[in-house]
Amino acid sequence: MTKLTSQERVSRAFAHKPHDRVPRSESFWPDTITRWKKEGLMGGSREVLELLETDFHNINWLWPRPFPGDEQLVSEDAETHVVRDESGRLLRRWKHKSGTPEHLGFECDSREIWEKKYKPAFMETGLQINPAATMRAYREGRGKGRWCMLNAVESFEQTRAIIGDEVTMIAMAEDPDWVRDISQTVTDIALQNLDAAMATGITPDGLFVYGDMAFKTATFCSPQMYKDLIWPDHKRFADWAHAHRMKFIYHTDGNVNNAIDLYLEAGFDCLQPLECKAGMDIRKLCPKYGDKMAFFGNIDVMAMKDNNLAVIEHEIASKFAAGMKTNAYIYHSDHSVPPQVSWETYKAVIELVKKYGQY
Amino acid sequence: MSNLAPLNEAIKKGNRNEAKRLVTEAIAAKLPPREILDAMVAAMDEIGARFQRNEVFVPEMLIASRAMKEALAILEPTLVKAGITPEFTAVIGTVQGDLHDIGKNLVAMMWKGANFAVVDLGTNVSPEAFVKAAQEHKAKIVGLSGLLTTTMPAMKQAVEALRKAGLPGLKVMIGGAPITAEFAKEIGADGFSPDAASAVDLARKLAVA
Ligand code: B12
């Protein structure tokens with residue numbers, strides 16, 4: 001097949017139609033890039049992505065905060081001050097030394113504080129996306145012929161960032177209306193921001209929404225609870241994307257095998273990054289769901305971390321074989337490349353991706 | 001035991017007010033404190049087993065643990081009077097460089113629910129802090145949690161520091177997303193559990209070994 005542009009290639013993959021090679025994308029830990037620079041990488045993650053010939057282009061970053069840019073002092077003593085940051089987290093910072101701040105908790109830990117302070121704050125913040133910058137990034141992506149996507153955080157991740165993991169999960173069991181209210185409110189705000197981006201006249205190809213809803217062995221909550229509390233807002237994102245002729249990609253860590261039917265019901269087009277050590281395996285998923293959903297990722301970083309090329313080659317060859325049968329597989333690690341992986345190894349990974357990804 | 005069934009049920013359902021009411025009633029009715037405790041511990045064992053089978057999830061585990069904790073606080077003075085003390089002390093923490101704590105908290109809650117005295121050191125815990133706490137509290141078990149491949153070496157360092165301190169009879173258990181039984185062996189830990197329920201069984205086993 002003649003060489004396609006990135007945009008054509010990824011669009012065909014999402015349409016489950018034949019294309020020239022497996023589309024590619026990748027993420028890295030910041031420490032990984034630092035290591036690779038010492039080992040001869042010229043540049044940063046951008047340059048690695050160029051070398052990989054990535055097909056994707058992110059055009060924005062959206063994580064709405066209740067108090068954007070507004071950090072407030074809560075208390076202080078001789079050594080430290082406690083602040084409430086722009087997300088509402090309570091942090092203790094040292095006055096005379098640097099170091100990670102101590103995380104004390106969340107100011108918003110009750111429904112009352114949410115309703116009186118946080119919900120109104122969210123509603124009043126106005127736009128948190130920069131439409132002009134989004135348009136510029138879009139033009140850059142188009143200039144490179146890449147598949148352009150908008151980015152946003154979904155409501156479960158955001159709820160946990162506002163009221164904390166434990167309060168969130170207890171409220172899911174004891175005060176589901178509160179969780180529904182937060183989820184709906186933050187989703188409304190995200191969609192308003194995305195609408196503002198679209199109002200500049202851009203026509204991106206996809207919407208990438210991230211938010212972890214699972215861990216090593218299962219989803220945090222039951223599929224029924226997910227369907228009841230969070231899923232309706234996930235579906236709103238998918239519907240929004242489709243109404244704008246975009247594909248919808250959902251990113252979650254962890255074992256989500258028990259939620260895939262619900263993702264399909266909501267119209268998700270693609271799942272990423274398919275964490276291997278949490279039991280996600282496209283060799284099993286593709287035969288079952290490969291005609292209905294594209295899979296993005298699933299190359300095990302645990303196979304990369306020992307820098308053993310034979311192990312990595314087996315991983316890539318076997319996963320690519322399963323993914324390519326569906327015409328809807330995209331390369332990415334199963335989360336992000338950790339700093340145990342050497343630059344030498346990653347360059348070999350790129351070559352293997354090129355070798356095995358040819359249709 | 002049958003009159004303690006509603007208490008057991010209230011804990012499993014995470015109904016903390018009901019659990020507190022029922023434990024107060026059981027104490028007032030002068031039921032043997034050991035029986036009351038056993039009924040409560042059995043509830044947490046069952047919740048842990050259901051979690052292991054993906055029949056209940058984190059929210060249900062959290063509310064059950066909270067009901068257990070609050071009911072246990074009411075029972076505690078009665079237990080002390082009857083000379084029933086926690087089986088042993090376990091120290092737990094997330095290793096240095098790692099801030100993940102949801103799994104560690106669940107293990108700590110299940111251990112408390114199993115009537116172990118638990119000292120929770122929080123996250124980002126240095127090897128020295130594990131040693132100090134183990135010495136201070138005469139711990140039988142130290143649990144190390146780690147969720148990052150990059151903090152697995154910190155886990156190894158903590159195990160080494162604990163071994164070097166030469167605490168007699170101390171057993172070290174590890175767990176977290178990237179951890180495997182082979183890794184536990186490799187770094188000289190005494191055991192690994194994939195989830196909070198088996199962490200209870202393993203701690204019980206190691207403590208008497
Ligand atoms: C939630 C989460 C976060 C939250 C943590 C919030 C919190 N308060 O803990 C936040 C957003 C802060 C976060 C940050 C980061 N995270 Co994170 N995170 C996760 C996620 C999605 C779930 C972890 C979780 O809460 N699980 C729920 C509990 C119930 O499960 P559990 O921890 O496994 O615990 C059970 C068992 O393991 C066991 N257990 C646990 N501890 C112990 C201890 C003992 C003694 C025993 C016996 C048993 C035991 O029992 C528990 C209950 O059954 C995982 C994905 C995953 N697969 O786990 C990634 C994950 C752990 N994170 C990851 C990464 C990369 C990071 C970051 C570096 C970057 C990032 N993504 O932001 C930072 C690092 C911050 C730091 N320095 O620690 C990677 C690590 C990959 C790797 N190669 O190491 C993971 C695996 C995601 C992935 N797909 O690759 N993360």
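1. Helices (H or I, at least four residues) and strands (E, at least two) are taken here as DSSP runs, numbered from the N terminus. On that basis chain B holds nine helices and five strands, arranged along the sequence as α-α-α-α-β-α-β-α-β-α-β-α-β-α. The radius of gyration of chain B is 17 Å, close to the 17 Å that the globule rule gives for 209 residues, so chain B is as compact as a globular protein of that length. The radius is taken over C-alpha atoms, and the rule is 2.2 Å times the number of residues to the power 0.38.

2. The model is a predicted one: local features need pLDDT of at least 70 and side-chain atom pairs count only at pLDDT 80 or more, while totals for chains, interfaces and linings use all residues. Residues are numbered from 1 along each chain as its sequence is written, with chains lettered from A and ligands numbered from 1 in the order in which they are written.

3. The C-alpha trace of chain B spans about 50 × 35 × 25 Å along its principal axes. Of its 209 residues, 49% count as buried. A residue is buried if 20 or more other C-beta atoms lie within 10 Å of its own, exposed if 12 or fewer, and partly exposed in between, with C-beta atoms placed from the backbone. Among contacts in chain B with a separation of 6 or more, 76% join residues 24 or more positions apart; two residues are in contact if their C-beta atoms, placed from the backbone, lie within 7 Å.

4. Chain A comprises 15 helices and 11 strands. Its radius of gyration is 21 Å, close to the 21 Å that the globule rule gives for 359 residues, so chain A is as compact as a globular protein of that length. Along the principal axes, the C-alpha atoms of chain A fill a box of roughly 60 × 45 × 40 Å. Buried residues account for 44% of the 359 residues of chain A, and residues 24 or more positions apart make up 72% of the contacts in chain A with a separation of 6 or more.

5. The contact between the chains takes 21 residues from chain A and 14 residues from chain B. On the side of chain A that touches chain B, the largest share, seven residues, is supplied by helix 7 (residues 165-174) of chain A. That side has 11 nonpolar, four polar and six charged residues. In this classification Ala, Val, Leu, Ile, Met, Phe, Trp, Tyr, Cys and Pro count as nonpolar, Asp, Glu, Lys and Arg as charged, and the others, Gly among them, as polar.

6. The ligand is surrounded by 38 residues, the closest being Phe215(A), His335(A), Gly103(B), Gly143(B) and Gly175(B). A residue is near a molecule if its C-beta atom, placed from the backbone, lies within 6 Å of it. The surrounding residues come from chains A and B, so the site is shared between chains. Elements giving two or more residues to the shell are helix 5 (102-113), strand 3 (141-145), strand 4 (171-175) and helix 9 (196-208) of chain B. Helix 5 of chain B gives the largest share, five residues. By class, the shell has 18 nonpolar, 11 polar and nine charged residues.

7. Helix 4 of chain A bends by about 35 degrees at Tyr118(A), and a proline, Pro120(A), follows within four residues. The bend is the angle between axes fitted to the seven residues ending at a residue and the seven starting there.

8. Trp114(A), Tyr118(A) and Phe122(A) are buried in helix 4 of chain A. An α-helix has 3.6 residues a turn, so residues three or four places apart point the same way. The cover over the buried residues of helix 4 includes helix 6 (155-163) and helix 8 (176-198) of chain A. Glu115(A), also placed in helix 4 of chain A, counts as partly exposed, with 13 C-beta neighbours inside 10 Å.

9. The peptide bond from Gln272(A) to Pro273(A) is cis, with omega near 0 degrees, and Pro273(A) lies in strand 9 (residues 270-273) of chain A. Asn298(A), although not a glycine, has a positive phi of about 75 degrees; Asn298(A) is buried, with 28 other C-beta atoms within 10 Å.
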